[in-house]
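Subject: Structure for your review

Hello,

I am passing on a structure for you to look at. Please open it alongside the notes below.

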Amino acid sequence: MSCYQIEGGRPLDGRLTVQGAKNSVLPILAATLLAPGQSVIHNCPDLSDVSATLDILALLGCRVDREGDTVTVDASTLVRADIPDRLMREMRSSVIFLGALLARLGTAELSYPGGCELGPRPIDLHLTALRTLGADIREEQGCLRCRGSRKMRGRELCLSMPSVGATENAMLAACGCPGVTAIVGAAREPEIVDLQNFLRAMGAEISGAGDSVIRIRGGRVLHPAEYRVVGDRIAAATYLCAAGAAGGRVELTGVDPDHLTAVLACLEQAGCSVDTGPGLFALECRGPLRGISPVRTAPYPGFPTDAQALLMAALAGGEGTTMFVENIFDSRYRHVDELRRMGADIQVAGRVAVVTGTGRLRGAEVRSTDLRGGAALVVAGLGAEGRTTVSDLRHIRRGYDGLDRGLRALGADIREIP
Ligand code: EPZ
């Protein structure tokens, strides 16, 4: 099992084009099922979650091909509507296939997605939304047997909380429901807007994404599309927090700075300077990060839960005290124990974590606990004194297309060793 070896304490300096967004490309790949024919997706990152999604598409009968960062999916002939347990366990966000299969085939069968490192991952909001559209969903021995048949009709559905996945599942299912669907209380993330833009390219009549009510006139015949996925705002936040931890200046392209407003505001408050230009922005950090006002994770456009561990790792090596409140997931502080091995002073009580910067952290042998927690350990290692090794890279590979390669482009001393 390989690991990252990081020699910390070197300021970063360089320019990087950020990968395509993992949390955009996954629902967009599921959406290719909505129309027979060949769709072409550009700026598709090379991630294990993307490979898992392509495996599912191929199993369903699609012809899948990959050429660099371009993926083609020919969904002309689907041969089944069920996803086996082993593939569902590989990636819980495969639940997104539910809406797409119901829209295309009127039926779907998949096992209940398991929990993950962030705690239980319920899908009650997904099921309630699809049932409101008329789907008949039976939960038997951990398996979801869904029949949409021709009963499904567009109607108003309310999400009791702005779940990203439930919003996406409802958007995809609604494309197959004659009539108008209104998703009230929808998630507003940029990845939802990206999915809407792809569906529009397929000929769907959909509007409102990015706001809290999304309307879809479903039942139209859709066609395949060619599309370029938006830049990954969380991967960008990772490189920004790396600069915050190690110091120096990084320039990022390929991602919209407007998608990172909350993260940039925190880094500026901590003492970094930010310049934004058309399609490019730079962050400079001279001197240790200061403590900032409480960081409360919230649905977009609030501070993203996916950046919580990343910012915590950068602040842990700075000065001053910052309180974090994790409002989205029940168990998203698993990286704290590993940061403590590096000398971090972090007190956790339930959803609250109080980080007291100890000046430089110390390099140590640490283990990734989850995707963003693992990336946070890399961020911490870049600012720490001495050598850090980060093991169990499978978590990081789920969401980063060559995190070490990107950081080396910014001047970091990081390499993968067996
Ligand atoms: C998406 O997960 C992202 N994943 C997550 O990114 C991200 O952290 C999350 O949205 C929040 O922004 C993908 O897009 C593939 P939710 P999702 O449904 O859709 C609860 C990463 O690191 N909930 O918005 O699963 C749920 O338990 C990953 O890239 C219900 O209670 O997130 C959680 O506490 C991690 N019932 C909260 O809502 C439901 O039916 C937010 O979940 C659904 C969710």
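Predicted model: local features only at pLDDT ≥ 70, side-chain atom pairs only at ≥ 80, totals over all residues.

To the contact, domain 1 contributes 24 residues and domain 2 contributes 18 residues.

Between domain 1 and domain 2 an area of about 1700 Å² is buried, and carbon and sulfur atoms account for 50% of that area. As background, the accessible area lost when parts come together is often used to give the size of an interface.

Two salt bridges are found across the interface of domain 1 and domain 2. As for individual pairs, D49 and R398 form a salt bridge through their side chains, at 2.9 Å from N to O.

On the side of domain 1 that touches domain 2, the elements giving two or more residues are helix 12 (371-383) and helix 13 (394-397). Helix 13 gives the most, with three residues. By residue class, that side of domain 1 holds six nonpolar, six polar and 12 charged residues.

Strands

Strand 4 (residues 63-67) and strand 5 (residues 70-74) run antiparallel and are joined by five bridges. Within this pair, V64 lies opposite V73 of strand 5. Two residues sit between the strands of this hairpin, and G68 has a positive phi near 65 degrees.

There is also an open sheet of four strands, in the order 6-7-9-8 and with mixed pairing. Strand 6 (82-83) and strand 8 (136-140) are at the edges, and each has a single partner strand, so one side of each has no neighbour in the sheet. Strand 8 runs antiparallel to strand 9 (residues 143-147), and five bridges join the two. D136 has R147 in strand 9 as its bridge partner.

For reference when viewing these pairs, strands of a sheet pair through backbone hydrogen bonds, either parallel or antiparallel.

Regards

Notes. Residues numbered from 1 in each chain as written. Heavy atoms only, no water. Contact = heavy atoms within 4.5 Å. Buried area = accessible area lost by both parts, 1.4 Å probe. Salt bridge = Lys/Arg side-chain N within 4 Å of Asp/Glu carboxyl O. Nonpolar A, V, L, I, M, F, W, Y, C, P; charged D, E, K, R; others polar. Pairing = 2+ DSSP bridges.
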